[in-house]
Amino acid sequence: MNPTLKLALVLIIALEISFTQVWTVNVALLVVCFILMIAYRVKLKRLLWLTLVPLFFATALVWSLSLQGSASSHFLIVIFTRMFVYVYMGGVFTQTTEPLMLTRSLEQNAKLPSKFAYGFLAAFNLLPKIRTEVATIRAAALMRGQVLHVWSPQLYFKVILVAMNWSDQLASAMASHGFVEGAPRTHAVTVPLPKWNWWVCGMSLVAVQLGLFWGLP
Amino acid sequence: MATVTIDSLTFTYPKRTHPVLDNLAVTFPAGKFSLLTGVSGGGKSTLLNLIAGLTPLPTPGAIRFDGHPLAEIPAAKHANTVAMMFQEPSTQFTMDTVENELRFALENQRMTATDIPAAIDDALNFVGIAQLKHRILMQLSGGEQQKVALAIIVAMNSDVILLDEPFASIDPPTRLTLLQKLMTLCTQQHKTVILADHDLSGYAPWVDHLAVLDSGHLALLSAEETQERFAAFTPDRLRLTRVTAPQATETACLQGTQLGLFSGDRELIHPQDLAFFAGQTTLITGPNGSGKSTLFRALVRLGHYQGTLTYQGRDIQKIARKSYARQVGLMFQSSMAQFLNVTLDEELTLSQKNGNHAYFTPERVTQLLDQLGLTQHRDQVIYSLSSGQQKKAQLLCMLIMAPQVLLLDEPLKGLDLASIQTTMQILTSVQQDLGLTLILISHQLSGLDGLVTHHLRLMDHHLLYEGATE
C-alpha cells in the first residue's frame, strides 16, 4: 500500500480511538494488526517486544488507575486496549514501510517539500551512527582520564556538537550532489498510488466508523 | 570545459582579524590538472569551498567560470558546472546505498527517469566499481567510498572537479587508480581538475607547475622548483631503513590468540596469533578497508573480535575499563572524536591534569605548542582549527596522557611536510624519554623512517611482520 496513504490511515484511526471509548473496536483493530504483522513476516522477536513493552506499561497504568478507585472497569479495559492499538498500529506501519519509500512517497504523493523529505531520511540514516558515536566518546574520555556517565552533561554536549557537525556536512554533501532547495527534481522511482489503495483506505475507515457507532452506548 | 578565474579574492572568517586568503588572483586553465599545496591551515580547503560555492563569496564576481560568476548560473546547473570531493570519505552521502545516492544526484539534475539507470551503470563502469552498485555506503571502506564519490561526479558530468585532499586516508594502489581516472577525465573529457594535497608522491609525471598557497597568497612554481618539491616524495626517500624483524628477546605487551576480525559478514583478518612488542614502534600498512582501524578499535575494546586479546598477560576484557584505557590509548583517525572540550587550552589542561604531568611540565607544553605552530591558537575553539592543526593538537593531547601503549591511526593525515618532520621529532624524543610502545597506521610513509622499528603488513586477511617467516 502507498506509504503516505498508509500513514494517513493509521493517524486518522489513532485519532478516532483516542476520543471514543469502544473496547470492541480496539480489540478488532488489534486482531487485524496482528494478522497483518504475521502476514508480512515480522520477526517473532520483534513481535514479542511490541507485545511485552506495552503490556508492562498498560498494566502499570491500569493498576494505578484502579487503585484510585474512581475509574470504571469499562474505562480501564478501553485504556488498556488503546495503548496496545497505538503500539501495534505503529508496529504495522514501521515494519512494512521502508523509510526511503516513505520519503519518496511524501515527496511525490503528498507534495511535501523535498527539503523536509530528504532531511527526514538523512536523520533516519544517522540514527545507528549516534550509538557508535556515544561509545566512541565515552572511550575517548576514559583515555583522557575522565569518566563520562550516561547522565554526564559533557556527553550530551559532545553528542550535540557532533550532530551539529554532521548536519553541516550533510548540507554540504547534499549541495555538492546538486540538491537545491525548492528546485524541481525528476524521480528515478515513482511510488504508485493505485485505485485499490483508496478503496482499502476508505473501506477501513467506514468499518471503523460503523464499529464505533455500533459500540457507543 | 570551463576556465576558473579568481580575481582579487580576499576572505576573512567571521571574528578573525587575519584574512585566510589575501587579494588572491589565479587562473585555473580549462581541461587541465592543477595541483594545489601549502602548509596546514594555509587556506586550501577555504579556497576550494569558495570555488564550489559551499561558502558564500564576499564579493560575488571574485570567482568566475568562463567569465560567469556562479551566482549568475542557474542553481540547477551548479552541479553541472562544479562538483567537489571531500577529504572525509564517509561524510559526503545522503542516501543509504550506492545506487540510491547516484539516483539522488541525477534526480537533482532533472535527468529523465528513463535515462537514469544507464547513466548510473556508465559512471560505475568508468570508475570500475560496478560490483558496488547495491552495497550500503556506510559499510564501504574509505577508498571505496572515494571511488563512489568520483563516480557520482562523473555521472553529474561536472565541468570543474574540485578535490580536497581526497587521498588522505587511501592506500597507494587505490590512490593511483583514482589519479589515473582523473587524468582520463582531464585529457579525454576536458574537465578542469583542481586538487589540494600535502602528499606530493605520484604527481610528478602529470603536473608541470605546482600551485603553493601560503599565508593568503598563491604562487605558481617554475618547472624546476616543482620537480624539487616532488623529489622529497620519491620512493627512495620513503624507504624505512631501521625496520627489523621482531627478535626472540623482545617482550610482547599486547598479544592476540586466534584473533579474528569481521566487518558485518565480511572477514577482515582470518584467525591468527599476533604480538605487539614493548618499547617498539610498529607500523601497520595494508589496503583500504582491510581492517587496520578495526584492529585498533578491537585493541581498545570498541569493537568485536574473535579469539582472545591479552595485555601484559591479562585478558583485556577482564581488566577494569578505566585502568585499561589509561594504559592503552588510541589517537583516533578523526580528530573530532578525541576532543572533549571547547578550546585548545581546555583540552591541554585536561590532559595535563590526568596525564604525565611530571614530564609534561607547563614549560615543556608551551615549547611543544610553539614547535607545532599552535601557540597563537591556544584560546581558539578547537573545532574551528584547520584539519592539520586539529591533528597536531590531538597528537599533543594524547602524548601528554602518555599511555604505555599508544595507538596512532593516521597521525599524519592532513599535515604538510614541515609539520610531519616536527611531529616525528616530538614523537621520537617522547618515546625515548618515556619508553612508550607506539603502534601506528599510516598510508603516508615520508618522514617515518627515523621512528619505525617493526613493520606489520596486512595482506590477504593476514598480518605478517616484515622479515619474519611464518
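Some ground rules. Because the model is predicted, local features need pLDDT of at least 70 and side-chain atom pairs count only at pLDDT 80 or more, while totals for chains, interfaces and linings use all residues. Residues are numbered from 1 along each chain as its sequence is written, and chains are lettered from A and ligands numbered from 1 in the order in which they are written.

Chain A to begin. The domain assignment, automatic or from a database, divides chain A into domain 1, residues 3–104 + 191–215, and domain 2, residues 113–176. Their C-alpha centres lie 32 Å apart.

Now the contact between the chains. Chain A gives 36 residues and chain B gives 46 residues. In contact means that the C-beta atoms of two residues, placed from the backbone, lie within 7 Å. On the chain A side, α6 (114–143) and α7 (153–176) are the elements that give two or more residues. The largest share comes from α7(A), with eleven residues. Helices here are DSSP runs of H or I, at least four residues, and strands are runs of E, at least two, numbered from the N terminus. By class, this side of chain A has 20 nonpolar, 13 polar and three charged residues. Nonpolar covers Ala, Val, Leu, Ile, Met, Phe, Trp, Tyr, Cys and Pro; charged covers Asp, Glu, Lys and Arg; the others, Gly among them, are polar.

On to chain B. Domain 1 is 4–236 and domain 2 is 239–465. Their centres, taken over C-alpha atoms, are separated by 30 Å. Each domain puts 22 residues into the contact between them. On the domain 1 side, α5 (142–156) and α6 (172–189) of chain B each give two or more residues. That side divides into seven nonpolar, ten polar and five charged residues.

Last, a sheet in chain B. It is open, with six strands in the order β6-β7-β8-β3-β9-β10 and mixed pairing. Strands pair if DSSP finds at least two bridges between them. β6 (82–85) and β10 (217–220) stand at the edges with a single partner strand each, so one side of each has no neighbour in the sheet. The twist averages 20° from one strand to the next. β6(B) runs parallel to β7(B), residues 160–164, and four bridges join them. B:Met84 has B:Leu162 as its bridge partner in β7(B). Helix α1(B), residues 44–52, packs on the sheet, touching β3, β6, β7, β8 and β9 of chain B. Its direction makes about 150° with that of β7(B). Axes are lines fitted to C-alpha atoms, for helices over the stretch in contact, and angles run from 0 to 180 degrees between N-to-C directions.
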